[in-house]
Every structure is written in C-alpha cells, then in structure tokens.
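Thanks for coming, everyone. Please have a look at the model on the screen before I start.

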Amino acid sequence: MTLALRLPRFRRLRTRLAVLYAALFAAAMLGMSLTLLAIAERSATDQVQRELAASGTVFDRLWNQRAAQLGGAAGLLARDFGFRAAVATGDKATIVSALDNLKRRMGVPTAFVVGIDGSVTGLAQPKLAGQAAGLWTALDGGQMSGVVQLGGSARHVIAAPILAPQLTGWVVFATDLDAKEMQGLQSLSAIPIQAAVFQRRAGGEWVDPADREGGALSGFIDRAASDRSASDVTTPNGTALALVKPLPVMAGSPQAVLLLRYPLDQALAGYHRLQFAILLAGLLGLLATIWATIRMARSITRPITLLDAAAARLAAGNEASVPVEGNDELSRLAESFNRMATDIAERERRITHLAFNDTLTGLPNRAHFLEHVEHELKLAERNDEHVAVMILDLDDFKSVNDTLGHPVGDEVLRRVATRIDTDLAQSFVARLGGDEFVIVTRQPADGEPFERLAKRAGDAAAERMKIDGHDVTQAASIGIAISPADGADARSLLKHADLALYRAKELGRGMFCFFEEALNERAQERRRIESDLRTALHEGQFELHFQPLFDLDANRVGSFEALIRWHHPTRGMIAPIDFIPVAEDTGLIVEIGAWVLREACAQAAAWPSHVRIAVNVSSVQFRRPGLSETVMQALAMSGLAPERLELEITESIFLEGLDTTTRLLHGLRAIGVRIALDDFGTGYSSLSYLQSFPFDKIKIDRSFIQDLLTRPGAVAIVRAITDLARALGMETTAEGVEENGQLTELRKHGCSSVQGYLFSRPIDAAAVRDMLAEEPPRSAAAA
C-alpha cells in the first residue's frame, strides 16, 4: 500500500517538475521571442529610417539635377540673341513661341517671362499671371530657384536672367509638385513610401491638397521640421515613420516641406511570420549552444587568450610568439602571427640600420655621428677628457669618378672606409656623404696625440689599391677640431673641423690641420665678401683700371691689360687678391668676368686701332658653358674688332679636360681673338701646353724679371723663353719691369713688349685717354 501510494505521488512530482521545467523553458523562449520581436521592430524601424533618409537624399539630388537642367535650358534661352531682342522690344508672339517650343522639349508645364517692370508674358490666365508677377521681388533679389504657390498648388520655379546687355527680365520655368511628381519619387525608393508636399497656410496650418487626412499632420510637421530626423506619427490611418524635409521657397511664398511616410504595419508584416520559426530555432539553438559551448570552450578560449597576450607584448615593442598546436584554423593563425612578429622585428632592425648607417659603406651616417658625438661629449665632460672630430676628405676624388667611372669610385670609398675603420678600431668612424668621412675619438689629455691618429687615418686612406685593373692612390686631407676649446656640441665641432679641412686643402694634398679661431674669422670674412660681392654686382661697385704694355719694336703702347678694382662703399678699395678667390669658389667670377669683358671691350673700342685690350679669364669661366657666347656678345655690343681682344689664361685651365679646353680656345681663335699664356714658367707642364695649343703670346712671370740683374740663371731663362717663343712664332711680354737695366736686358734678348711700374702703374679710363693722346710716348719706356 505504501509503495502504491508513493508511485502516483512520484508521478505527480515528476509531472510538476516537468511542468516547472517546461514553464521555465517556455518563459525563456517567450522572453527570447519578445526580445527578437523588439529587435525585429527596431531593425524594421532603422531600415525604414535609412530608406526615408536615402529617399530624402534622392529627392535632393533630383531637385538639384532638375534645377540645374531647367536652369541651363532657361539660361540658354535667355542668352539667345533673337529671344533677348524680342524681350527688349516687347514682341510677345516671339516670346510665347520660344517658350512653347522650349516647354515641349523640356517637358515643362509652365513657362513665362517676368519683365524688369513686373509684367508677365506667356501665361494666358490673368489670375495665374497676377500670382506670377509676385515673383518679381525674389527674382530682383537674385533668387533663381525655389517653391511658390501658383494656381492653388505648389510648384518648383527655376529662373534665369535675360541680359541684353542690361537686365530686361527673367525666363521662368514652373514644374508641378503634385501627386504625379511624388509618384516618380516613390518609385525610386526601395520601400513603398508615401511622399507629399505640404505648404503652410496663412493661419499656420500645413496643407496638402491631395491629403485626405485634413490637418492631422500639421502639428507633427511643426515639430519634425526643426528636428529633420525620422520619427513616429499617428494619423487616422495608423502609425507610420515620417521624415520632414524643408524645401527652399521663393521670397514672399508660403513655407513648404516634403513629407515622406511609411506605415509601420507594412514594415513589420514580414517579421511576424518569422516569429514562430525564430522561436523554434532559438530553442534548438539554445540546447545545441549549451552542449557546443562546453565542448569548444577549452579548444577555442585558450589559443585566443595566448594570441591576445602575445599581441599585447608585440604592441609594447617586445618579442612575442605563441605555441602552435594542431593543424586547425587557430593553429594556422598562430603560425601567421609568429611569422608576422618575426617580419616586424626584421623590418625594424633594417629600418634602424638604414636610419643610422650609410648604404654604400655600411658605416654610421651623419645622424648617427651627431648622436654619437653628443654622447661622447657628455662622457668627456664627466671624465675630464677631450673629444676630437676629424673630417677626412679624399683629394681630387672627382677625377676618379670622371676618368674611371662611378663604380670604381664607389669601390674606392668602400675600401677607404674599411681601412680607416680597421686601422682606427678604437675610434668612431662615419661617412658624412660624398668622399667625406669623420672620425670621433675621446681620450684623456695624456692619451695618444691627435696628430698621430690623423696621420694613421691619412696613411690608411692613401694606401695603394688595385680596382678592375686600375692602380688607384688617394691622398686625403684632414681637418681637426677638439672639444671643449673648439666647440661644446657636435655641430660646432663639425663646423670647425670643416674649416680646418678647408685650410688643409689650401696647404696641399695629404695634409692635416687643426682648427684655429682665425679660421673662423676668415670664414666669416669670406661670407661677408661673398654677400658684398653679390651686392657689388647689382649696384655697380666695380671699375676697371688699365696697365699699359709697351711695344718695344714699335716703341709705343701696344695694349692695355684690364684689371678689376672694387670700391666698397664702407671698406674702401678691396684688392683683387682678397675677393677674386672667393668669386671663383662661389662661381660669381662668371658674372664678374662677363662684366669685365663687356666693359673692357667698350673702353677699347674708343682707342686707336693699333691698341689692343688684354683680359684675364679664370679657369672657372672655362669650366662653365657660355664663354664663347660671352666673348662674342662683348665684341658685338662694343663693335671692337676681334683681333684687338687678347684673352690671358693660365695653365690651370688645362687641368680639367685638355681636349675640351683646346677646342674652346681654337673656337675663339677662329673668330680672331688672340690667346696669351700668363705666368709662363711657373707651372710643371708649361712646355707641353705650348705644344698642345699655338698661343699668340706668352707672358714671362715677374719672378724671373725681378732676378734678371742679380742672378745669371734668370738671364738664361729669359733668353731661353724668348728664343723658344720666336721659334714658335709667338710674342713675349715681360711682367713686373721696374728698372731700366731690366728693360735693357729684355731689349737685348728680343722681348716683344714689357709691362710694369717702370712705364706705368694701373690707371683709370680717363688717364688711358690722356696717355694715348701724348706724343711722343713716355721716355722711360723708350729708353
């Protein structure tokens, strides 16, 4: 009995439990269903809102497109000559005909002309014409497009001014914003929206003639017109989502808006049918999810957690990797992550290397050098040490590139870099660019002398090397600056070492030089001279003086040498030796030389025909293109005969490109210009240059003339030069003649002409004219 009584109770308990669980699941599913329904309603609402916004955008585009199309057509008609004439003369028949023709072509129901006086042409109905005349105020204010109320309905008006050439009126098109127009807009929407144009009446109520709901929407439009976002609206026909877009209206016309609506019942109809399917799928999904979650949590969560931690380490700039287990998608993702981390580390290493190292030699670059020097200066200040910055520059490296090619030049740079870096292993070696290297050494005052380090670096660079069958030997000049005396920061030391390098270059090949403050003052002076030279060119501060050359055979002045003088407004007369080297280094000598040529030829054109003018030409002028054109231009502008111009050159012009220089000289000779070799006997290869080019004259350097009366060897040299010139058919001029005894010796050895203080110092143009007017010539020269 007891067991029989307990079984029904057990069954009822089991049933109650089943019902309880069923109720719990039902409640869960109901909650999920309600949630899904709410989500569905929200999704439907969002979609409708997006579609309404898109439809509003489409309407804006159509509005602008229609306005542009009709505005263009109206403008085209307004610019037509015949139409403008008809408007100007009041030819209504022609106006109406043109408007009717354009209405048919453009599909516009209404077109008319508003005159400057407010008259309307093209509207047959007097009432409609009277309303159209009210547009005059807006048109006169420059408003060419907007919504107006014509004939009891809203219309879109587009106008264009008629200019003949003054304003005579406006061509006006009016399109209906009626149900037909709205249906065209509705057809472009992805959902069946309802579109209508409402206008505000005088009493403040919004009305659409086609609306059957009366003024039910008037209050909503007032609220939504300022909000401009879709919202719910309740009407006798049900609840809908609506969007209000204000429309531009013509001045004096009632406000107008576009109302876009979509009933919510239609938007949610499809979602109701899915509710039961969603409920069933949700129940099955819930059961499956519980089982799958327990099954997959361990296999998914752990790898993702590891990846997340590794990504955080990688983002912090640390090395990161994750273990790869298995061959599924997460394992492949882990492999890809590890490859990415490795590639990122390699790229960062390469970027860092390129940012601080030279690509050609592998040495540190300028940025690395500056950073290193600043670090060394801090250590030197702390330990009472000195830091030396040495700039090493290869002498005449350009000739290696020009003669052997850039590949050989690059290999020279690589080998020099390796040698310096190896021989000065305790020093920091970097490449600044081109053929410049920098060496940084920090050591106490009693350390290895910096002179010895500089010599070791120079010897390493100058060691002979064989590249592609060529024997190459590169001497190097070195400039040295030492902290703290020569600078307390990297840029100051670099600047001062560069000044010392410039001084070492001046001293000769393979030299090294320490920085001195005088070098800085000298550099400042060079910069001032360079700046003042540019000013002098533009302000005409240069003038020419002329030193006569006495023709010993004709016993008269045969030519003058043009010598430039610079009269500085504040510093007085500046000697050529102080500014000509600066002009050559900066290239200003080209412009200065062109001025000298033009001025010298212009002065010489007024002299007697037997007197020539001699002008010195810098080697820089020969290296730059255009020298021949400059000479011919000077001759053409002055009218001077070419044979009266003599160009004096030094053998330095042959050092860079003998063939090119020779061709240029032959070209000048071909037009009649004379060529003289100046400072003959002071170079190493003067005789070879005489063989390369047939000069008209050679000028014996003043160093031989000064010793002419005191050293027998000087007499032999002068005699050898005059004999050589006579054999080659060349004239000779002796420079620096200051004594009668020198003049006598030169006459005896057949010198053609003399130049020096014995006859005259350099004189200005006015003194030249006085000298040439004297008869007979000065006795000192004739003695």
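First, the ground rules. This is a predicted model, where local features need pLDDT of at least 70 and side-chain atom pairs count only at pLDDT 80 or more, while totals for chains, interfaces and linings use all residues. Residues are numbered from 1 along each chain as its sequence is written, and side-chain values use heavy atoms, with hydrogens and water left out.

Now the whole chain. The protein chain has 27 helices and 26 strands. Those are DSSP runs numbered from the N terminus: helices are H or I with at least four residues, strands are E with at least two. The chain has 783 residues, and 43% of them count as buried. Buried means under 20% relative accessible area, exposed means over 50%, and partly exposed is in between, using a 1.4 Å probe and protein chains only. Take the contacts with a separation of 6 or more: 61% of them join residues 24 or more positions apart. Contact here means heavy atoms within 4.5 Å.

Next, the cores. A nonpolar core is a set of buried Ala, Val, Leu, Ile, Met, Phe, Trp, Tyr and Cys residues joined through side-chain atoms within 4.5 Å. Which residues touch the most other members of the largest one? They are Leu533, Phe560, Ile613, Leu645 and Leu647, out of 76 residues. Helix H18, residues 588-604, supplies the largest share of this core, with eight residues. Look at Phe560. Beyond its neighbours within four places in sequence, Phe560 contacts a list of residues including Trp607, Ile613, Val768 and Met771. There is also a second, separate core of 29 residues, with Val412 and Ala457 among them.

On to the helix pair. Helix H13 (406-423) packs against helix H14 (450-462) at about 145 degrees, and their axes are 8 Å apart. The axes are lines fitted to C-alpha atoms over the stretch in contact, and angles run from 0 to 180 degrees between N-to-C directions. From H13 come Val416, Arg419, Ile420 and Asp423; from H14 come Arg456, Ala457, Ala460 and Ala461. By class, that contact has five nonpolar, no polar and three charged residues.

Is Ser427 buried or exposed? Ser427 is buried, at 11% relative accessible area. Its side chain makes a 2.7 Å polar contact with the side chain of Thr441. A polar contact is a pair of N or O atoms within 3.5 Å; within protein, one must be able to donate a hydrogen and the other to accept it, and residues adjacent in sequence count only if both atoms are side-chain atoms.

Last, some backbone details. Most residues other than glycine have a negative phi, and most peptide bonds are trans. Asp396 has a positive phi, near 55 degrees. Asp396 sits in the loop between strand S11 (386-394) and helix H12 (397-404). Asn555 is not a glycine either, and its phi is positive at about 55 degrees. Asn555 is in the loop between strands S18 (542-551) and S19 (556-568), and is partly exposed at 32% relative accessibility. Finally, the Ser483 to Pro484 peptide bond is cis, with omega near -5 degrees. Pro484 belongs to the loop between strand S16 (476-482) and helix H15 (490-507).

Technical notes
Nonpolar A, V, L, I, M, F, W, Y, C, P; charged D, E, K, R; others polar.
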